[in-house]
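Subject: Structure handover and notes

Dear colleague,

I am passing on the structure below, followed by notes on what was found in it. Please read the notes with the structure open beside them.

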Amino acid sequence: MSERVGFGQRMLDGIERAGNRLPDPVTLFLIAIVLVVFLSMVLAATGTSAVHPGTGKEVAAISLADGANIRRFLTELPTVFTSFHPLGLVLVVMLGVGVAERTGLIGVSLAALVRAVPDQLLTLTVVFAGVQASLAADAGYVVLTPLAAALFYSVGRHPIAGLAAAFAGVSGGFSANLLITSLDALLAGITTEAARLYDPQYEVLATANYYLMIALVPLFTIIGAVVTDRVVEPRLNRTSPVDLPGGQETEPTAAQRAAEKRGLSFAGLTLLAVVAAVLFLTVPEGAILRDEAARDPLTPFYGAIVTILFIAFLLCGIAYGIGARVIRNDRDVVGMMNETMGTMGGYLVLAFAASVFIALFNWSQLGTILAINGAAFLQSIGITGLPLMLAIVLVASMINILIGSASAKWAILAPVMVPMLMGVGVAPEASQAAYRVGDAFTNIITPLLPYMPLILIMCKRYVSNFGLGSLIATMLPYSIWFGIGSTLLMCIWYLSGLPFGPGAYSTIPVPGAG
């Protein structure tokens with residue numbers, strides 16, 4: 001008897017089938033480029049524009065088919081590709097990860113992690129690590145997602161389920177963390193400028209949403225683990241089965257165990273040395289990776305995380321290889337790097353198409369005009385308080401599908417939303433919290449996420465016909481439940497009058513009220 005499939009699973013199957021009937025993702029981006037060019041021509045010809053609420057300047061639709069943009073495209077195409085934000089990050093980190101992987105360090109380390117973490121906590125651990133990975137900015141996409149896939153595969157579970165769990169944690173929980181991140185300081189600066197349009201003395205701290213962000217960590221972790229185990233992995237096993245090891249690997253010999261132990265000792269000592277060096281460069285006052293004049297003194301450290309990860313993976317991989325006697329000379333290390341770059345061809349092609357589309361979309365200014373009009377719509381509908389905060393969540397989540405940068409969207413929305421809500425007694429910290437909730441949970445389903453091509457290529461390593469429709473159908477349950485859970489938590493927080501951060505309450509006095 002065939003297994004009964006519920007309505008929700010059938011809906012996801014339909015989304016997957018429809019998505020996978022579409023052309024190859026590279027072709028989709030090329031079609032999208034043509035559509036954006038055409039739409040920019042039409043809107044530019046009709047004089048479509050909007051006034052940026054932050055700068056007061058008019059933002060007009062720009063035709064991508066005019067002479068200036070054709071010349072710009074022809075002269076800047078190489079730069080468009082090489083300046084694609086994820087490209088350098090991915091390639092640099094993968095050089096180090098490739099050495100660590102090919103020496104066996106990652107495999108042995110994952111096996112040690114599996115032995116240390118009970119089976120029932122494995123998914124929770126992966127999702128939690130993903131949520132916390134926002135501390136390392138975008139590096140979580142590059143490092144954690146493939147490791148999570150390999151981890152699940154090593155214990156006989158569907159690798160794409162592990163990848164999805166990590167991807168959901170990294171992307172969906174990007175505004176949640178147990179620590180203050182660079183994004184907290186960045187958004188607080190934008191909110192402060194917007195709040196001062198209403199109160200010139202108002203100051204929004206980097207800790208403005210800290211309590212809510214802490215509360216979101218266990219929420220996202222539990223939701224992500226339940227969705228992975230109850231929805232995503234069973235469906236992947238049914239629709240995209242893979243040949244799993246199932247614990248049938250041969251036991252290592254005594255000599256192999258001794259080599260692994262020696263390699264881990266070498267790698268562990270190297271990691272301690274790297275950590276000590278990073279602390280020396282970061283912690284002391286006046287250290288190289290500190291800038292006391294910045295809003296967040298650790299800003300240089302955040303910018304150096306990608307390089308630090310590259311160095312850590314590379315040196316630890318080399319140390320393990322020497323200890324395990326896998327690396328005998330410099331040619332072995334260079335050969336491992338060459339092999340790693342050889343596997344990145346598919347990603348490079350997809351990244352090229354994505355980079356061109358995103359650049360043209362930005363040049364046309366269509367996304368900015370849409371965001372401005374969205375903010376103006378919220379201002380015009382006349383709702384206040386919690387309903388308006390919910391509207392901010394909805395608009396932010398929708399705009400997020402077209403504009404990936406959290407700071408860019410908030411720079412447009414904040415000058416309208418923050419003063420308007422302050423006028424009815426809603427604190428800027430509460431407005432920012434509503435925005436952050438809406439900004440997070442649609443990251444994992446937008447094809448415009450710069451790291452979506454990388455995630456798709458990683459999936460294809462295990463299931464060759466895994467298409468964009470398959471990926472969106474896999475990630476949609478996370479997006480839905482993250483959105484529901486975080487929005488409900490925000491509502492409870494607001495209605496109960498709890499502070500969103502240290503001293504950051506939901507309401508402020510309204511001049512002349514009472």
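Which residues in α11 meet which residues in α12? Ala-259, Glu-260, Arg-262, Gly-263, Leu-264, Phe-266, Ala-267, Thr-270, Leu-271, Val-274, Val-278 and Thr-282 on the α11 side meet Phe-301, Ile-308, Ala-312, Leu-315, Cys-316, Ala-319, Tyr-320, Ile-322 and Gly-323 on the α12 side, where contact means heavy atoms within 4.5 Å. The residues of this contact divide into 15 nonpolar, four polar and two charged, with Ala, Val, Leu, Ile, Met, Phe, Trp, Tyr, Cys and Pro counted as nonpolar, Asp, Glu, Lys and Arg as charged, and the others, Gly among them, as polar.

Before going further, please note that this is a predicted model, in which local features need pLDDT of at least 70 and side-chain atom pairs count only at pLDDT 80 or more, while totals for chains, interfaces and linings use all residues. Residues are numbered from 1 along each chain as its sequence is written, and side-chain values use heavy atoms, with hydrogens and water left out.

Helix pairs

Two packed helices are described by the angle between their axes and the distance between the axes. Helix α11 covers residues 254–282 and helix α12 residues 299–323, and their axes come within 8 Å and cross at roughly 155 degrees; helices here are DSSP runs (H or I, at least four residues), numbered from the N terminus, and axes are lines fitted to C-alpha atoms over the stretch in contact, with angles running from 0 to 180 degrees between N-to-C directions. The two helices are therefore roughly antiparallel to each other, a term used for angles over 145 degrees. The crossing of α11 past α12 is right-handed, meaning that the near helix is turned clockwise from the far one by less than a right angle.

Within this pair, Val-278 is found in α11 and is buried, with a relative accessible area of 17%, where buried means under 20% relative accessible area, exposed over 50% and partly exposed in between (1.4 Å probe, protein chains only). Apart from neighbours within four places in sequence, Val-278 is in contact with Phe-301 and Ile-308.

A second pair is formed by helix α14 (residues 345–364) and helix α19 (residues 452–460), whose axes come within 9 Å and cross at roughly 150 degrees, and which are therefore roughly antiparallel to each other. The crossing of α14 past α19 is also right-handed. In α14, Gly-346, Tyr-347, Leu-350, Ala-351 and Ala-354 meet Pro-453, Leu-454, Leu-456 and Ile-457 in α19, and the residues of this contact divide into eight nonpolar, one polar and no charged.

Individual helices

Helix α7 (residues 139–154) has 16 residues and reaches 23 Å from its first C-alpha to its last, close to the 22 Å expected at 1.5 Å a residue, the expected span being 1.5 Å times one less than the number of residues. Because 12 of its 16 residues are buried, α7 is largely enclosed by the rest of the structure; among the buried residues are Tyr-141, Leu-144, Pro-146, Leu-151 and Phe-152. Just after α7, Gly-156 takes a positive phi of about 80 degrees.

Helix α5 (residues 105–116) has 12 residues that should span 16 Å, and its end C-alpha atoms are 16 Å apart, in agreement with that value. Its buried residues are Leu-105, Ile-106, Val-108, Leu-110 and Val-114, and they pack against α4 (85–103), α7, α11 and α12.

Individual residues

Most residues other than glycine have a negative phi. Arg-325, in the loop between α12 and α13 (330–342), has a positive phi near 60 degrees and is exposed, with a relative accessible area of 53%. Gln-365, in the loop between α14 and α15 (366–380), has a positive phi near 65 degrees and counts as partly exposed at 25% relative accessibility.

Met-341 lies in helix α13, is partly exposed at 27% relative accessibility, and touches Leu-91, Met-94 and Leu-95, not counting residues up to four places away in sequence. Ser-470, by contrast, lies in helix α20 (residues 468–496) and counts as buried at 1% relative accessibility; leaving aside neighbours within four places in sequence, Ser-470 is in contact with Glu-16 and Asn-20.

With best regards

Notes:
Angles under 35 degrees count as roughly parallel, over 145 as roughly antiparallel, 65 to 115 as roughly perpendicular and the rest as oblique.
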